[in-house]
Amino acid sequence: MLFKGKKYAEQILEKQREMEKRLLAGQKETTEKLAEGQQELARAFRRQMTAVEDFLEEQQERQDAAEAAEKLLQAEKERELALCRALALCTEQLDQVEQALTGQAKKAGQDSATLPEQAARAWAGQFGLMRQKRRQLCGLAGVQELGNVGEPFDYRLHDVLDTVSAQEKELEGRIARVYRTGLMFDGKVLEKAQVCAYRGEKDERQDNRD
């Protein structure tokens, strides 16, 4: 009986040891799987952080590029404006030289050169060619000239230096003569045209009363 009881006890102890081994093996396996899961999560987190850093870096590069492009665009606009103002100055000087050489005074009493009629016609023809070339270059540069004889007067585009009586009803309120050509660039008036405009009978009667 004692032998059987001892053998039975040994069997129970053996089963307990096996159960402990299985339990330890299961715990080890679980611990390893948890460790692997944590490592995978850590790798995924690092990948996500790297992607976020790359995205932020790319956004910063785009912002820097946009700011640089904006600065270049602003500098280009300032350069274009400076060139347009230089063109306006040249246009004004050419108009003044043309009027002086062809005997066309801007205002009454203003001095002008007294050239022979043939020379005046020659200068007028020469300046006509220069004016045509200037308009071609302005068109290529996107600059619009303001002030043409016969077109309606517009206070936004023209400055009236003087007026003359309109011989025909259709001429009232239109430009009779251009003293200085105006310029418009990118929808903005750089220089208004200085003109002489036809006045109507109503304006003339008002002048007489004054």
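Buried residues are those under 20% relative accessible area, exposed residues those over 50%, and partly exposed residues those in between, with a 1.4 Å probe and protein chains only. By this definition Asp154 is buried, with a relative accessible area of 19%.

## Basis of the report

The structure is a predicted model, in which local features need pLDDT of at least 70 and side-chain atom pairs count only at pLDDT 80 or more, while totals for chains, interfaces and linings use all residues. Residues are numbered from 1 along each chain as its sequence is written, and side-chain values use heavy atoms, with hydrogens and water left out.

## Salt bridges

The structure holds eight salt bridges, a salt bridge being a side-chain nitrogen of Lys or Arg within 4 Å of a carboxyl oxygen of Asp or Glu. One of them pairs the buried Asp154 with Arg156, at 2.9 Å from N to O. Arg156 itself counts as exposed, at 62% relative accessibility.

A further bridge links Lys169 to Glu172, with an N to O distance of 3.5 Å. Lys169 counts as exposed at 63% relative accessibility, whereas Glu172 counts as partly exposed at 27%. Elsewhere, salt bridges that share partners join Glu40, Arg43 and Arg47 into one network. Arg47 is partly exposed at 49% relative accessibility, and Glu40 is partly exposed at 37%.

## Nonpolar surface patch

Val52, Phe55 and Leu56 form a nonpolar patch on the surface, with about 270 Å² of accessible area together. Patches are made of residues with over 30% relative accessible area and no salt bridge, where like charges are joined within 9 Å and nonpolar side chains (Val, Leu, Ile, Met, Phe, Trp, Tyr) within 5 Å. Accessible areas come from the Shrake-Rupley method with a 1.4 Å probe, and for residues only the protein chains shown count as cover.

Phe55 is found in helix 1, residues 2-101. Its relative accessible area is 47%, and Phe55 is therefore partly exposed. Helices (H or I, at least four residues) and strands (E, at least two) are DSSP runs numbered from the N terminus.

## Largest pocket

The largest pocket has a volume of about 250 Å³. Of the 14 residues that line this pocket, Glu98, Arg131, Val149, Val178 and Thr181 are the closest to its centre. On a 1 Å grid over the protein atoms alone, a pocket is an open set of points with protein on both sides within 12 Å along at least five of seven lines, a cavity is a set where a 1.4 Å probe fits but cannot get out, and lining residues have an atom within 4 Å of a point. Grid points are joined across faces, edges and corners, and a volume is the space filled by probe spheres set on the points.

Helix 1, helix 2 (117-141) and strand 3 (175-180) each supply at least two residues of the pocket lining. Strand 3 provides the largest share, four residues. By class, the lining comprises three nonpolar, five polar and six charged residues; Ala, Val, Leu, Ile, Met, Phe, Trp, Tyr, Cys and Pro count as nonpolar, Asp, Glu, Lys and Arg as charged, and the others, Gly among them, as polar.

The structure holds one cavity of 30 Å³ or more. About 40 Å³ of space lies in the largest cavity, and its lining consists of Leu94, Asp95, Glu98, Phe127, Met130, Arg131 and Arg134. Glu98 and Arg131 also belong to the lining of the largest pocket.

Helix 1 and helix 2 each supply at least two residues of the cavity lining, and helix 2 gives the most, with four. This lining has three nonpolar, no polar and four charged residues.
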